[in-house]
Amino acid sequence: MARNLFPCVIGGEKIFSPDGRTFRDINPADTGEVVAEFPQLSREDAAKAIDAAREAQVKWASTPAPERGRILVKAAQILEDEADELARVLTREEGKTLAESRAEVARAVSIFRFYGVMGYRLRGEFTPSAEPNTHLFTLREPLGVVSIITPWNFPIAIPSWKIAPALISGNAVVFKPASYTPLIGYRIVDALHRAGLPPGVLNFVTGPGSTVGAELINSPKVDAISFTGSLEVGEEIKRAAGGRNIRIQLELGGKNPAVILDDADMDRAVEMVVRGAFGLTGQACTATSRAIVLENVAEEFERKLVERVKRIKVGNGLAEGVEMGPVVGEKEMNKILDYIRVGIDEGAKLVLGGKRLMGPEHSKGYFLEPTIFTDVTPDMRIAQEEIFGPVLAVMRAHSFDEAVELANKIEYGLSASIFTRSLPRAFEFINRVQAGVVKVNKPTTGLEPHVPFGGFKKSSYGMVKEQGEAALDFYTKIKTVYLGY
Ligand code: NAD
């Protein structure tokens with residue numbers, strides 16, 4: 001079989017592992033298909049990428065920001081021109097449905113356009129001085145070299161929403177994608193180079209987190225780290241780099257609630273909860289993993305929910321009519337199945353799903369049944385821990401206050417929704433819920449690229465939001481100038 005081997009990119013050069021070691025990028029819907037192979041670089045290779053970034057950064061920082069932006073906008077156009085093919089690549093390596101992949105590629109295009117245009121708006125502030133004959137203003141400066149480490153679940157959107165603001169701000173980047181999804185990451189890097197990005201400004205390294213990732217975190221030549229991934233690895237990064245006085249941004253897990261009040265449009269609530277819980281196979285940091293419903297409408301909600309979820313067609317994301325693809329890998333599938341056993345053992349009621357799907361359409365991939373537990377209580381592990389799969393825990397509350405209390409009774413605080421027709425209730429929820437993103441009558445998933453994104457509590461670390469103009473606060477430092485004349 002011909003090998004579909006792709007390179008890393010260091011200093012603009014295509015690099016293969018010096019000792020020839022590679023790893024395989026497998027289609028989770030059909031594990032017989034090797035989508036691509038990528039180099040398994042060493043820690044030393046990652047160090048070379050950091051050096052290449054250091055070398056290229058100074059010139060890049062002195063390139064006028066609108067010119068940097070022109071390259072980003074051109075890359076957006078390349079990605080848009082190739083969107084259909086990119087969506088197929090994304091579905092083949094990550095598993096999500098083609099519609100979900102198309103939406104994610106479109107988002108990456110918007111992100112590069114947005115930050116490209118920000119090249120004209122990298123503003124400081126001009127403030128009246130208290131002194132006579134003085135101009136008082138601030139300038140934004142880049143940080144230097146930024147390590148960008150990303151997960152597999154949004155493998156084009158997340159790297160884009162980190163790389164684009166990093167580059168427009170004048171930083172150089174070393175980017176490590178997750179090993180399940182290197183190909184779509186490579187395509188971002190390729191598009192930027194074809195758009196005219198100078199060599200070394202963006203370096204692409206693949207390999208394990210424990211070696212390549214470790215260098216990106218521990219190297220003293222790195223000025224900032226932006227990481228999205230699990231709480232465990234996030235904690236490790238905090239321990240390793242937290243004392244170095246560099247910028248660190250960690251976007252971690254979620255255990256997001258959807259609260260359904262008794263005045264909600266029940267059909268809409270069901271549809272939005274289903275989208276939030278089972279869209280993207282539940283593998284979204286913003287996925288709805290807890291539905292908290294008022295007791296007096298709980299039966300109706302649960303009945304309609306089960307009826308709707310039974311109709312979800314699970315299969316290869318490339319196939320017509322499929323609403324839910326596989327989970328990304330065997331390890332992740334087994335972890336989800338373990339959580340389902342935990343839920344049963346804890347006494348939650350399994351009302352739908354719970355098993356791996358086999359049979360002709362499914363036996364070659366990691367397909368799970370959409371799973372619903374009812375009678376879930378807040379102390380259960382399935383109500384507290386991130387499962388990151390198509391499993392929804394339904395909990396009941398006796399009042400609005402209790403529903404808000406349950407929503408907040410977790411360590412995470414990424415996104416939260418409420419379904420209600422009452423404006424006062426909606427606002428009270430907006431004010432009281434502990435989450436970085438709040439939705440009213442909308443699913444917990446789904447973000448627009450030009451507004452800030454980030455969580456509260458254990459979901460985020462670093463105080464500075466991603467996306468929108470807010471992201472520039474992470475990728476730049478502010479210099480205050482007092483100019484007397
Ligand atoms: P992960 O933490 O296992 O891996 C994330 C990245 O870190 C990968 O590139 C991996 O190779 C790398 N890595 C692993 N160990 C490392 C180490 N010791 N040092 C440096 N790098 C290392 O997460 P995942 O399984 O890829 O993604 C799923 C997780 O991501 C979930 O917890 C999900 O909630 C979270 N997530 C959060 C957001 C958000 O914005 N808050 C968005 C998407 C996903």
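I count two residues as in contact when heavy atoms lie within 4.5 Å. The model I am reading is predicted.

**Entry: domains**

I looked up the domain assignment first. Domain 1 takes in 8–252 + 459–484. Domain 2 covers 256–440. I then checked how far apart their centres lie. Taken over C-alpha atoms, the centres of domain 1 and domain 2 are separated by 31 Å.

**Entry: the interface**

How many residues of domain 1 are in contact with domain 2? I find 21 residues of domain 1 in contact with 28 residues of domain 2. Between the two domains, about 2,100 Å² is buried. Carbon and sulfur atoms give 60% of that area. I also asked which three residues of domain 1 supply more than any other three. They are Ala29, Trp152 and Ser459, with 24% of the area that domain 1 buries against domain 2.

**Entry: charged and polar pairs**

I went looking for salt bridges between domain 1 and domain 2, and the count is one. I noted a salt bridge of Asp30 with Lys364. Its closest N and O atoms are 4.0 Å apart. For polar contacts, I find eight residue pairs across the interface of domain 1 and domain 2.

**Entry: which elements face domain 2**

Next I looked at the side of domain 1 that touches domain 2. Helix H3 (83–94) and helix H4 (98–118) each supply at least two of its residues. The largest share comes from H3, with four residues. By type, I sort the residues on this side into eight nonpolar, six polar and seven charged.

**Entry: Thr97**

I picked Thr97, which sits in the loop between H3 and H4. Thr97 touches Thr91, Gly317, Val322, Glu323, Met324 and Gly325.

**Entry: Met463**

My last stop was Met463. Where is Met463 placed? I find Met463 in the loop between strand S21 (460–461) and helix H15 (471–475).

Notes. Residues are numbered from 1 along each chain as its sequence is written. This is a predicted model: local features need pLDDT of at least 70, side-chain atom pairs count only at pLDDT 80 or more; totals for chains, interfaces and linings use all residues. Side-chain values use heavy atoms; hydrogens and water are left out. Domain bounds come from an automatic or database domain assignment. Buried area is the accessible area (1.4 Å probe) that two parts lose on being put together, summed over both. A salt bridge is a side-chain nitrogen of Lys or Arg within 4 Å of a carboxyl oxygen of Asp or Glu. A polar contact is a pair of N or O atoms within 3.5 Å; within protein, one must be able to donate a hydrogen and the other to accept it, and residues adjacent in sequence count only if both atoms are side-chain atoms. Ala, Val, Leu, Ile, Met, Phe, Trp, Tyr, Cys and Pro count as nonpolar, Asp, Glu, Lys and Arg as charged, and the others, Gly among them, as polar. Lists of a residue's contacts leave out its neighbours within four places in sequence.
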